[in-house]
Amino acid sequence: MRRLRAGIILLGLLLPSLVDGAMHNMRVSNHTNRAVTISWITENPSTGAVRYSTNSGLLNPATAKDVRDTDEQPYAGLTHYVNLCNLEKETT
(Lines give C-alpha, C1' and ligand atoms only; values in the text may rest on other atoms or scores of the structure.)
Protein backbone atom coordinates (compact mmCIF):
# COMPACT_ATOMS: atom_id res chain seq x y z
CA MET A 1 0.00 0.00 0.00
CA ARG A 2 1.35 3.39 -0.95
CA ARG A 3 0.95 6.26 1.46
CA LEU A 4 -0.09 9.77 0.56
CA ARG A 5 2.99 11.93 0.23
CA ALA A 6 1.92 14.68 2.53
CA GLY A 7 3.22 17.98 1.32
CA ILE A 8 0.59 19.96 3.13
CA ILE A 9 1.27 23.65 3.37
CA LEU A 10 -1.40 25.26 5.48
CA LEU A 11 -1.55 28.65 3.84
CA GLY A 12 -5.10 29.31 4.85
CA LEU A 13 -6.24 28.24 8.26
CA LEU A 14 -9.46 30.17 8.59
CA LEU A 15 -10.20 31.39 12.07
CA PRO A 16 -12.65 34.23 11.53
CA SER A 17 -13.73 34.62 15.14
CA LEU A 18 -10.26 34.22 16.65
CA VAL A 19 -8.98 37.73 17.26
CA ASP A 20 -7.20 37.80 20.61
CA GLY A 21 -6.28 34.13 20.94
CA ALA A 22 -3.52 31.86 19.82
CA MET A 23 -3.57 28.62 17.89
CA HIS A 24 -1.30 25.81 19.07
CA ASN A 25 -0.80 22.03 19.10
CA MET A 26 -1.48 21.73 15.37
CA ARG A 27 -1.32 18.09 14.31
CA VAL A 28 -1.59 16.12 11.09
CA SER A 29 -2.95 12.63 11.76
CA ASN A 30 -5.03 9.77 10.35
CA HIS A 31 -2.99 9.58 7.15
CA THR A 32 -4.48 7.33 4.47
CA ASN A 33 -3.94 7.11 0.72
CA ARG A 34 -6.52 9.83 0.10
CA ALA A 35 -7.22 11.64 3.38
CA VAL A 36 -5.68 13.30 6.43
CA THR A 37 -6.98 15.00 9.58
CA ILE A 38 -5.72 18.43 10.67
CA SER A 39 -6.36 19.40 14.29
CA TRP A 40 -5.43 22.34 16.51
CA ILE A 41 -6.35 24.00 19.78
CA THR A 42 -7.28 27.65 20.30
CA GLU A 43 -7.14 29.65 23.51
CA ASN A 44 -10.61 31.12 22.98
CA PRO A 45 -13.71 29.48 21.48
CA SER A 46 -13.64 30.02 17.73
CA THR A 47 -14.78 28.60 14.43
CA GLY A 48 -12.25 27.20 12.01
CA ALA A 49 -11.64 25.64 8.62
CA VAL A 50 -8.73 24.74 6.37
CA ARG A 51 -8.31 26.11 2.85
CA TYR A 52 -6.08 24.02 0.63
CA SER A 53 -5.02 23.78 -2.99
CA THR A 54 -2.46 22.05 -5.19
CA ASN A 55 -1.56 25.52 -6.45
CA SER A 56 1.10 27.24 -4.33
CA GLY A 57 -0.68 30.58 -4.84
CA LEU A 58 -3.79 29.06 -3.25
CA LEU A 59 -5.84 29.72 -6.37
CA ASN A 60 -9.30 28.14 -6.34
CA PRO A 61 -8.82 26.58 -2.91
CA ALA A 62 -11.07 23.94 -1.44
CA THR A 63 -12.37 24.59 2.07
CA ALA A 64 -12.73 21.83 4.63
CA LYS A 65 -14.73 22.70 7.74
CA ASP A 66 -14.66 21.34 11.27
CA VAL A 67 -16.20 17.87 11.43
CA ARG A 68 -18.73 19.14 13.99
CA ASP A 69 -20.11 21.95 11.82
CA THR A 70 -23.77 21.68 10.92
CA ASP A 71 -25.72 23.28 8.10
CA GLU A 72 -27.28 25.65 10.62
CA GLN A 73 -24.23 26.59 12.67
CA PRO A 74 -20.45 26.24 12.57
CA TYR A 75 -18.80 24.60 15.57
CA ALA A 76 -17.22 27.16 17.93
CA GLY A 77 -14.92 25.66 20.50
CA LEU A 78 -11.33 25.16 21.61
CA THR A 79 -10.33 21.92 19.84
CA HIS A 80 -10.80 21.70 16.08
CA TYR A 81 -10.75 18.71 13.71
CA VAL A 82 -10.82 19.07 9.93
CA ASN A 83 -10.71 16.11 7.56
CA LEU A 84 -9.19 16.64 4.12
CA CYS A 85 -10.66 13.95 1.86
CA ASN A 86 -10.40 12.87 -1.77
CA LEU A 87 -6.75 13.89 -1.96
CA GLU A 88 -4.62 12.77 -4.90
CA LYS A 89 -1.68 10.46 -4.22
CA GLU A 90 1.81 11.84 -4.87
CA THR A 91 0.49 15.42 -4.98
CA THR A 92 1.74 18.37 -2.99
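Modeller: Leaving aside residues up to four places away in sequence, His80 touches Ile38, Ser39, Trp40, Thr42, Ser46, Thr47, Gly48, Asp66, Arg68 and Tyr75, where a contact means heavy atoms within 4.5 Å. The model is predicted, so local features need pLDDT of at least 70 and side-chain atom pairs count only at pLDDT 80 or more, while totals for chains, interfaces and linings use all residues. Residues are numbered from 1 along each chain as its sequence is written, and side-chain values use heavy atoms, with hydrogens and water left out.

His80 lies in strand β6, residues 77–84; strands are DSSP runs of E with at least two residues, helices are runs of H or I with at least four, and both are numbered from the N terminus. His80 counts as buried because its relative accessibility is 0%. Buried means under 20% relative accessible area, exposed means over 50%, and partly exposed lies in between (1.4 Å probe, protein chains only).

Two of the listed neighbours also meet His80 through polar contacts between side chains: Thr42 at 3.4 Å and Ser46 at 3.5 Å. A polar contact is a pair of N or O atoms within 3.5 Å; within protein, one must be able to donate a hydrogen and the other to accept it, and residues adjacent in sequence count only if both atoms are side-chain atoms.

Asp66 and Arg68, which both touch His80, are joined to each other by a salt bridge of 3.0 Å, N to O. The term stands for a side-chain nitrogen of Lys or Arg within 4 Å of a carboxyl oxygen of Asp or Glu. The structure holds 1 such bridge. Asp66 is buried, because its relative accessibility is 3%, whereas Arg68 is partly exposed because its value is 32%.

Ile38 and Trp40, also touched by His80, belong to the largest nonpolar core, whose 8 residues also include Val36, Val50, Ala64, Val82, Leu84 and Leu87. Strands β3 (36–46) and β6 each supply at least two residues of this core, and β3 gives the largest share, 3 residues. Such a core is a set of buried Ala, Val, Leu, Ile, Met, Phe, Trp, Tyr and Cys residues joined through side-chain atoms within 4.5 Å.

As for the chain, it has 0 helices and 6 strands. Of its 92 residues, 25% count as buried. Among contacts with a separation of 6 or more, 59% are between residues 24 or more positions apart.
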